Amino acid sequence: WSSDVCSSDLQTTATARVMREKLAHAQRLLEAVVTSNYTLLETESQALSKATKDPGWMVLKTPEYARQSDTFLRATEDLVAAAKAHDLDAAAMHYVSLTVSCYQCHRYVKNMRLASR
């Protein structure tokens, strides 16, 4: 790993915990969208937003990782706004954006790990 990557065992454990929590929140978000549960949609979107503040979130210290995190955070904020507006179509589109942001970031982190070997 380069110096831009946090690689301590504590960080690895913390990151794994945050990612498991993120997945659980994302699954509940899907449930909220398909059941039109705006309260759950808002609660889970806010929980995902808070996850970005957890020290376990910071896997890399690169401008690209910061951009990826910002994209994720904007998607969570858009989901909160859709929940408050009771706009299910917007919520569905923002959920897709959130999912794509997760995929792109995970792909980026994986590629950085492979490149540092």
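Trainee: How many aromatic pairs does the structure hold?

Mentor: The structure holds one aromatic pair; rings of Phe, Tyr and Trp (its six-membered ring) pair if their centres lie within 6.5 Å. This is a predicted model, in which local features need pLDDT of at least 70 and side-chain atom pairs count only at pLDDT 80 or more, while totals for chains, interfaces and linings use all residues. Residues are numbered from 1 along each chain as its sequence is written, and side-chain values use heavy atoms, with hydrogens and water left out.

Trainee: Why is the pair of tryptophan 57 and phenylalanine 72 called tilted?

Mentor: The ring centres of tryptophan 57 and phenylalanine 72 are 5.0 Å apart and their planes are at 40°, so the pair is tilted. Planes under 30 degrees apart count as stacked, over 60 as edge-to-face and the rest as tilted.

Trainee: And where do tryptophan 57 and phenylalanine 72 lie?

Mentor: Tryptophan 57 is in the loop between helix 2 (38-51) and helix 3 (63-85), and phenylalanine 72 is in helix 3, so the pair ties together parts that are 15 residues apart in sequence. Helices here (H or I, at least four residues) are DSSP runs, numbered from the N terminus. Both tryptophan 57 and phenylalanine 72 are buried, where buried means under 20% relative accessible area, exposed over 50% and partly exposed in between (1.4 Å probe, protein chains only).

Trainee: How many residues has helix 3?

Mentor: Helix 3 has 23 residues and reaches 33 Å from its first C-alpha to its last, close to the 33 Å expected at 1.5 Å a residue. That expected span is 1.5 Å times one less than the number of residues. Just after helix 3, histidine 86 takes a positive phi of about 55°.

Trainee: Changing topic, how many disulfides does the structure hold?

Mentor: It holds zero disulfides; a disulfide is a pair of cysteine sulfur atoms within 2.5 Å. The sulfur of cysteine 102 is 7.9 Å from the closest cysteine sulfur, in cysteine 105, which is too far for a bond. Cysteine 102 counts as buried at 17% relative accessibility, and cysteine 105 counts as buried at 12%.

Trainee: Which residues touch the most other members of the largest nonpolar core?

Mentor: Of its 27 residues, Leu29, Leu41, Trp57, Tyr65, Leu79, Leu98 and Val109 do. A nonpolar core is a set of buried Ala, Val, Leu, Ile, Met, Phe, Trp, Tyr and Cys residues joined through side-chain atoms within 4.5 Å.

Trainee: Which helix gives the most to this core?

Mentor: Helix 4 does, with eight residues.

Key
Helices (H or I, at least four residues) and strands (E, at least two) are DSSP runs, numbered from the N terminus.
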